[in-house]
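Please read this note with the structure open beside it, and take the points in order.

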Amino acid sequence: MRTLVEWPPSIAGILTARIGPTTTHGMSDPQDELGQLNVWLRQAVETGASDLHLVAGYPPTLRVHGDLQPIDLPALSGAQIRNDVMPLLPPSVAEQFLTQKNADFSFHRTIDGQSQRFRANIFLAHHEIGACFRVIPSTIPKLPWAGFPENLAYRSEEHTSELQSHSFI
């Protein structure tokens with residue numbers, strides 16, 4: 001294991017415990033461990049949010065159509081975020097977070113009987129753990145949904161079906 005550098009003692013101890021040999025992450029779905037986080041993730045999916053942000057000193061916040069919308073809850077403490085997020089981290093991600101103070105990973109949850117995928121970034125800000133969760137859509141949206149002009153979307157779909165592949169740079 002790499003050495004800890006500049007970690008507040010409370011975070012370093014918890015992270016070290018998370019990546020120790022008794023960690024069972026990856027062997028079972030920790031969905032039951034994530035009570036409140038699961039509620040917020042479900043809310044993100046149900047409202048069509050692209051992201052869920054957890055930052056100490058602020059309430060959980062959804063990004064819906066580009067606008068940040070705080071959930072009507074009190075501000076979160078760093079300890080609350082740490083307790084909600086740490087059970088998600090596979091050992092390799094926890095070790096990366098320990099050494100780099102930032103890590104990206106993906107996971108899934110079952111929401112309303114459907115598997116929903118998320119990408120996550122966990123980071124250290126002002127000596128507190130924060131996280132951002134990106135909702136990965138189950139279907140690929142059409143170009144008009146993303147705000148592309150209709151004629152561009154039509155031409156793209158036409159060329160894509162002809163060429164079987166097309167990419168925008």
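Predicted model: local features only at pLDDT ≥ 70, side-chain atom pairs only at ≥ 80, totals over all residues.

1. What pattern does the chain follow when it is read along the sequence? The pattern is α-α-β-β-β-α-α-β-β-β-α, and the secondary structure comes to 5 helices and 6 strands. Helices (H or I, at least four residues) and strands (E, at least two) are here DSSP runs, numbered from the N terminus.

2. Residues are numbered from 1 along each chain as its sequence is written, and side-chain values use heavy atoms, with hydrogens and water left out.

3. The 6 strands build an open sheet in the order 3-2-1-6-5-4, with antiparallel pairing; two strands are said to pair if DSSP finds at least two bridges between them. Strand 3 (67-70) and strand 4 (102-111) stand at the edges with a single partner strand each, so one side of each is left without a neighbour in the sheet. On average, and with direction ignored, neighbouring strands of this sheet are turned by 25 degrees against each other. Axes for such angles are lines fitted to C-alpha atoms, for helices over the stretch in contact, and angles run from 0 to 180 degrees between N-to-C directions.

4. Within the sheet, strand 5 (residues 114-125) pairs with strand 6 (residues 128-136) in the antiparallel sense over 9 bridges. Phe118 has Val135, in strand 6, as its bridge partner. Helix 2 (residues 35-47) packs on the sheet and touches strand 1 (51-54), strand 2 (61-64), strand 4, strand 5 and strand 6, its direction making about 75 degrees with that of strand 4; contact means heavy atoms within 4.5 Å. Helix 4 (residues 91-100) lies across strand 4, strand 5 and strand 6, and runs at about 145 degrees to strand 4.

5. For the chain as a whole, buried residues make up 36% of the 169 residues, where buried means under 20% relative accessible area, exposed over 50%, and partly exposed in between (1.4 Å probe, protein chains only). Among contacts between residues at least 6 apart in sequence, 45% join residues at least 24 apart.

6. How many aromatic pairs does the structure hold? There are 3 aromatic pairs, counted for rings of Phe, Tyr and Trp (its six-membered ring) whose centres lie within 6.5 Å, with planes under 30 degrees apart taken as stacked, over 60 as edge-to-face and the rest as tilted. The rings of Phe107 and Phe133 have centres 5.9 Å apart and planes at 90 degrees, so this pair is edge-to-face. Phe107 belongs to strand 4 and Phe133 to strand 6, so the pair ties together parts that are 26 residues apart in sequence. Phe107 is buried at a relative accessible area of 12%, and Phe133 is buried at 1%. Phe105, Phe107, Phe118 and Phe133 form one aromatic cluster.

7. Is Asp51 buried or exposed? Asp51, which lies in strand 1, is buried, with a relative accessible area of 2%. Its side chain is joined to that of Arg134 by a polar contact of 2.5 Å, and to that of Ser50 by one of 3.0 Å. A polar contact is a pair of N or O atoms within 3.5 Å; within protein, one must be able to donate a hydrogen and the other to accept it, and residues adjacent in sequence count only if both atoms are side-chain atoms. Not counting residues up to four places away in sequence, Asp51 touches Thr61, Leu62, Arg63, Cys132, Phe133 and Arg134.

8. Ser115 lies in strand 5 and is partly exposed, with a relative accessible area of 48%. Ser115 and Ser138 are 23 residues apart in sequence and 8.7 Å apart in space, C-alpha to C-alpha.

9. His65, in the loop between strand 2 and strand 3, has a phi near 50 degrees, a positive value in a residue other than glycine, and counts as exposed at 68% relative accessibility. His127, in the loop between strand 5 and strand 6, has a positive phi of about 65 degrees although it is not a glycine, and counts as exposed at 51% relative accessibility.
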